[in-house]
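Have the sequence and the 3D view open as you read.

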Amino acid sequence: MELLPGGTLADKIKDGVPISEAITYIKQIASGLHYASTKNFIHRDIKPENIQVGQYGGVVVCDWGLSTTIEKISSDNISDDLFKQSMLCTKPLDESRTGTPGFMAPEQFNIDEEKNVQTDIYGLGGLLYAMLTLEAPLSGSLKEIHRSTVSGNIIHPSKIVPDIPEALEAIIIKAMATKPTGRYETVNDLSK
């Protein structure tokens, strides 16, 4: 991987992220994830540590090691230099690990459940949550996180930071809906 100057979004969150910056970051990350989805890839591990923030505010979505395809594709369908033949895989290296607890969508806890674009949308909601509250959406033991994720027992961001705009809280809640069908249909829908 190329050396990228700057730090991760996790580093930024420690110092606090102004709302305007959080929105800018989410839109840039959403753009990258949308592009990947047009090539039938999903990331499956969207978290602050996997977002590199450049010294001028640009972001790069890193660590695609758990990514997978959402449809069967062939190298004939990939014409862009950003996606190389060596990136084509239909399964991640470690099928038993499908994300990072606290940012994982409910379907990621079940290896047999379908993962799709809505899986990454849940992660985007988690990123926005973390940027606005300075906390992960869910924390505790793995068992507690699993139970809270599957049941949708997420503390609303405004309970942590009362002055979060209602519209941003609504975006987070919709993006982090328990059922994928309750989330935004596309990454671009969330971005808009």
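## Around Thr8

Leaving aside residues up to four places away in sequence, Thr8 touches Pro48, Glu49, Ile51, Gln52 and Val53, where contact means heavy atoms within 4.5 Å. Thr8 sits in strand S1 (residues 7-8). Is Thr8 buried or exposed? With a relative accessible area of 17%, Thr8 is buried; the cut-offs are under 20% for buried, over 50% for exposed and partly exposed in between, using a 1.4 Å probe and protein chains only.

A word on the ground rules: this is a predicted model, in which local features need pLDDT of at least 70 and side-chain atom pairs count only at pLDDT 80 or more, while totals for chains, interfaces and linings use all residues. Residues are numbered from 1 along each chain as its sequence is written, and side-chain values use heavy atoms, with hydrogens and water left out.

## The sheet

S1 belongs to an open sheet of three strands in the order S1-S3-S4, with antiparallel pairing. Strands here are DSSP runs of E with at least two residues, and helices are runs of H or I with at least four, numbered from the N terminus. Two strands pair if DSSP finds at least two bridges between them. S1 and S4 are the edge strands, each pairing on one side only.

S3 and S4 pair in the antiparallel sense over three bridges, and Gln52 has Val60 in S4 as its bridge partner. Helix H2 packs on the sheet, touching S3 and S4, and its direction makes about 40° with that of S4.

## The nonpolar core

Which residues touch the most other members of the largest nonpolar core? Of its 38 residues, they are Leu9, Tyr25, Ile29, Leu124, Leu127, Leu128 and Met131. Such a core is a set of buried Ala, Val, Leu, Ile, Met, Phe, Trp, Tyr and Cys residues joined through side-chain atoms within 4.5 Å. H3 gives the most to this core, with 10 residues.

Leu9 touches Tyr25, Ile29, Pro48, Ile51, Val53, Leu127 and Met131, again not counting residues up to four places away in sequence.

## H3 against H6

H3 and H6 pack at an angle of about 145°, with their axes 8 Å apart. Axes are lines fitted to C-alpha atoms over the stretch in contact, and angles run from 0 to 180 degrees between N-to-C directions. The contact is made by Ile121, Tyr122, Gly125, Leu128, Tyr129 and Leu132 of H3 and by Leu168, Ile171, Ile172 and Ala175 of H6.
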